[in-house]
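This briefing looks at selected side-chain interactions and at the surroundings of one residue. Please keep the sequence and the model in view while reading.

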Amino acid sequence: MQNEEGQLVDLYIPRKCSWTNRLIEAQDKASVQINVGTIDPTTGLYTNTYKTYALSGYVRAKGESDMALTDLVRKQDEQQL
C-alpha cells in the first residue's frame, strides 16, 4: 500500500522465490536471500552493483538450491552480453 506521497507503507512485503516464483512466507525459516555482484566483462572488476536472488526453503530442502542459483546467474549473464 502507498500513502499520498507515493511511499510504501506496508509493514511486510512478501518475497518470491527466484527459481519457482512461489511466495516466501514469513514462517519459512529455511529461505535465503543472496546478493551476487556484477562484474565488468572487459576488465573483470566489480561494478558496485548486484542482483538479489531469493531461494525458498522448499528448493533448499529438495537439494536444488545450488543448481537453481547457478542457472539463474548463468541466464542473467547471457542477457547482459
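Which residue forms a salt bridge with K75, and how far apart are the closest N and O atoms? In this predicted model, the partner of K75 is D71, and the closest N and O atoms of the salt bridge are 3.4 Å apart.

**Salt bridges**

- The count of salt bridges comes to two, and the pair of K75 with D71 is one of them.
- K75 and D71 both belong to helix 2 (residues 65–80), where they are separated by about one helical turn because they are four residues apart.
- With a relative accessibility of 46%, K75 counts as partly exposed, and D71, at 24%, likewise counts as partly exposed.
- A salt bridge also joins K62 to E64, with the closest N and O atoms 3.8 Å apart, which falls inside the cut-off of 4 Å between a side-chain nitrogen of Lys or Arg and a carboxyl oxygen of Asp or Glu.
- K62 has a relative accessible area of 46% and is therefore partly exposed, while E64 is partly exposed at 26% relative accessibility.
- As a general point, side chains that carry opposite charge can pair when their charged atoms come close.

**Charges and aromatic rings**

- The ring of Y58 has the charged end of R22 sitting over it, at a distance of 3.9 Å from the ring centre.
- For Y53, the residue lying over the face of the ring is K51, at 5.8 Å from the ring centre.
- Although these two tyrosine rings have charged residues over them, the structure holds zero aromatic pairs.

- S31 is located in the loop that runs between strand 2 (23–24) and strand 3 (32–39).
- Is S31 buried or exposed? Its relative accessibility is 14%, so S31 counts as buried, given that buried means under 20% relative accessible area.
- The side chain of S31 makes a polar contact with the side chain of R15, at 3.3 Å.
- A polar atom of the S31 side chain also lies 3.1 Å from the backbone oxygen of D28.

Notes: Residues are numbered from 1 along each chain as its sequence is written. This is a predicted model: local features need pLDDT of at least 70, side-chain atom pairs count only at pLDDT 80 or more; totals for chains, interfaces and linings use all residues. Side-chain values use heavy atoms; hydrogens and water are left out. Helices (H or I, at least four residues) and strands (E, at least two) are DSSP runs, numbered from the N terminus. Buried means under 20% relative accessible area, exposed over 50%, partly exposed in between (1.4 Å probe, protein chains only). A polar contact is a pair of N or O atoms within 3.5 Å; within protein, one must be able to donate a hydrogen and the other to accept it, and residues adjacent in sequence count only if both atoms are side-chain atoms. Rings of Phe, Tyr and Trp (its six-membered ring) pair if their centres lie within 6.5 Å; planes under 30 degrees apart count as stacked, over 60 as edge-to-face and the rest as tilted. A charge sits over a ring if NZ of Lys or CZ of Arg is within 6 Å of the ring centre and within 35 degrees of the ring normal.
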